[in-house]
Amino acid sequence: MIFQFIRRAVMQGVPLLYGSTGEIITEKSGHLNLGIPGIMYMGAIGGVIGGFFFEQSGANFDLWYIRVLAVLIALFCSLLASCLMGLLYCFLTVSLRANQNVTGLALTTFGVGAGNFFGGSLIKISHADVPTVTLTKTSSCFSAHLKFVDKLAASADAGKCPKILADICSVLFSYSFLAYFSIVIALVAAHVLMKTRTGLTLRAVGENPATADAAGINVNRYKYIATCLGSMIAGLGGLYYIMDYASGVWSSDGFGDRGWLSVALVIFSLWRPNLAIIGSFLFGGLYIVHNYIPDLSMQAQELFKMSPYVMTLLVLIFVSIKEKKEALPPAHLGQNYFREER
Amino acid sequence: MTDEKKHKHVREPLIHLAKRDNLPRSKALLIRTIAIALGILITCVFGFLIIGWSPSRIVHAMLDGTFGTENRRWDLFEKTAILLCISLAVTPAFRMRFWNIGAEGQTLIACLTSAACMIKLGDKLPNPVLLLVMLVLSITAGMIWALIPAIFKAFWNTNETLFTLMMNYVATQITSYFIYIWSVPKGSGHIGIINPTTHSGWLVSIGDYPYLLNILVTIVMTITSYIYLNHCKHGYEISVVGESEKTARYIGINVKAVILRTMCISGAICGLAGFLIVSGADHTVITGSVGGLGFTAIMVSWLAKFNPLAMSFFAFMIAFLGKGAKEITTLSGLDSSFADIVTGFVIFCIIGCEFFINYKIKMRRKEAKHE
């Protein structure tokens with residue numbers, strides 16, 4: 001029971017981890033990208049569109065290289081879609097210096113709309129002969145995991161090895177490659193941000209772009225790269241959700257408010273990707289804990305779903321009252337930089 | 001000699017940007033019109049590529065969906081009114097550079113309060129008293145929801161964007177909680193129309209026009225906020241705090257008091273909007289009662305440069321695009337989210353065009369001119 005709960009919590013947490021790692025990288029460059037929910041939708045629908053047409057082409061999924069190709073195509077389309085959204089955001093806020101909040105919200109409206117539109121009308125648009133958008137084959141490639149976990153579980157059921165061992169293995173090793181990749185990305189991001197020259201420069205750009213500019217740093221380039229990279233990482237969260245968690249079945253608004261939860265997680269983890277790993281699993285747990293409490297009424301479940309947001313609020317309040325420098329948002333978060341402004 | 005030579009070889013960048021001070025109004029208007037036209041053009045191209053409809057058919061469907069029948073016209077104006085009302089609500093805070101993106105939650109909590117009054121007091125109070133109680137409590141609820149982040153901003157400088165964003169979801173879940181408690185039939189998760197027979201707590205309709213009162217209230221609010229923001233001492237104080245907190249403190253404005261007062265007003269107008277939604281139009285509450293209007297309102301307010309009169313135009317435009325695009329999807333059988341895509345196209349174009357209003361682009365002059 002408890003092991004199953006942890007496993008589900010981790011699976012819930014992975015999209016949030018992708019989203020918040022991406023948003024942390026973006027925010028470190030001084031740009032508050034409120035378009036993350038839309039970008040995650042676009043990442044999901046990009047993968048779905050790519051996978052849908054590939055499956056429709058009638059490729060033979062028994063061949064291993066076709067399965068690899070299916071994964072690569074969905075990955076590529078997903079990354080492309082989210083990168084284009086990131087580019088649009090950058091172009092408007094960095095080059096054209098538009099208001100970041102407004103641009104971000106517009107991006108979310110657009111992205112969520114585009115995701116639901118294509119998800120809902122893909123069949124009609126492509127004149128395909130299927131009842132629903134269900135990418136079972138592509139999804140099975142994405143959710144492939146290590147086989148020995150299943151074998152161990154089977155042998156534990158047969159009484160050949162201790163149950164606890166099988167359970168621990170299942171909690172540690174039973175996820176798909178995108179889940180492990182999210183942790184790797186978060187760790188790499190944490191290392192790059194805090195331990196390398198590039199990370200130092202990026203933080204400088206977010207804290208005080210004028211000083212960074214005076215030091216000869218190409219501010220706009222850093223902002224562009226950080227935002228696009230962040231968007232692509234966030235988009236992977238959408239892809240993981242649809243391909244692994246939802247087994248390739250698109251449902252309108254199925255992704256829900258996870259995008260905003262990722263933005264909340266950024267605050268909760270104090271702009272540190274390595275803390276975001278723990279935070280995401282915690283949030284994932286809070287998101288589903290109501291399913292594991294016996295005899296919980298429907299209305300009480302709704303209150304439980306509130307807990308991630310309330311915890312984020314408490315962290316936000318606590319941090320701002322304590323005024324710990326390293327736990328505060330980047331100083332120029334949300335403000336555009338124009339060199340000639342006095 | 002060598003110095004001079006070096007100087008000659010300094011490369012000037014090809015494009016150089018400079019801030020523009022005051023573009024004539026007519027020119028700014030022209031740029032915005034072009035942007036909107038461009039947005040509609042992109043919509044037409046998109047519609048042609050995806051649905052296969054000709055531009056004239058798209059435009060025709062949009063016009064028919066919004067102005068085709070009398071009901072559609074009333075519906076369009078009602079949507080405009082609610083959106084405009086919430087846009088008016090966020091504006092005072094924005095003028096103060098207080099990025100309140102919590103209008104969604106502030107309105108929703110007011111919707112919930114209104115509905116709660118209708119359910120709990122519907123058969124206990126006469127209708128005029130009930131309406132008054134609903135109005136006062138809704139406004140109070142919206143105010144409290146706005147005041148919480150404002151207090152933290154004023155005293156501890158807590159990031160208001162993130163704070164108000166979180167408050168939206170707290171409001172959504174609280175609403176969801178009460179919907180389950182009051183749901184009819186029990187446990188179904190929706191309330192349905194409240195007091196369908198007695199109509200207690202329903203805003204009275206003037207003549208045969210059910211939405212007219214909503215529209216009239218919004219018109220009054222628009223004019224009031226225009227005067228409040230542009231011709232009152234309060235409005236002036238808000239602008240000064242927005243420009244520079246230090247200047248405000250120097251000339252003796254109590255910045256904390258202004259922040260709290262302004263957010264109270266913001267929340268109160270959101271509360272009013274919530275009351276209008278529940279009592280004047282929907283007669284029920286769902287978690288999607290506000291349906292993202294709180295976020296759309298932020299865009300409306302910003303597009304209009306925080307001018308209440310210009311806001312009425314942009315609110316109308318967004319309502320028109322939304323309803324028009326819905327008609328296209330109804331006719332073609334596609335997903336109704338098409339409306340969000342169209343709104344997105346047009347808003348992106350307007351956001352982009354602001355650049356050409358605020359900045360001048362100077363190209364590098366020819367080398368020969370230097371000699």
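## Contacts between and within chains A and B

Chain B contributes 42 residues and chain A 44 residues to the contact between them, two residues being in contact if their C-beta atoms, placed from the backbone, lie within 7 Å. This is a predicted model, in which local features need pLDDT of at least 70 and side-chain atom pairs count only at pLDDT 80 or more, while totals for chains, interfaces and linings use all residues. Residues are numbered from 1 along each chain as its sequence is written, and chains are lettered from A in the order in which they are written.

On the side of chain B that touches chain A, β1 (15–19), α6 (127–156), α7 (160–182), α12 (293–303) and α14 (338–358) each supply at least two residues, and the largest share, twelve residues, belongs to α7(B). Helices (H or I, at least four residues) and strands (E, at least two) are DSSP runs, numbered from the N terminus.

Chain B itself is divided into domain 1 (16–51 + 334–365) and domain 2 (80–332), with bounds from an automatic or database domain assignment. Their centres, taken over C-alpha atoms, are 28 Å apart, and the contact takes eleven residues from domain 1 of chain B and ten residues from domain 2 of chain B.

The residue classes of two of these sides are set out below; Ala, Val, Leu, Ile, Met, Phe, Trp, Tyr, Cys and Pro count as nonpolar, Asp, Glu, Lys and Arg as charged, and the others, Gly among them, as polar.

| Domain 1 of chain B, touching domain 2 of chain B | eight residues | two residues | one residue |
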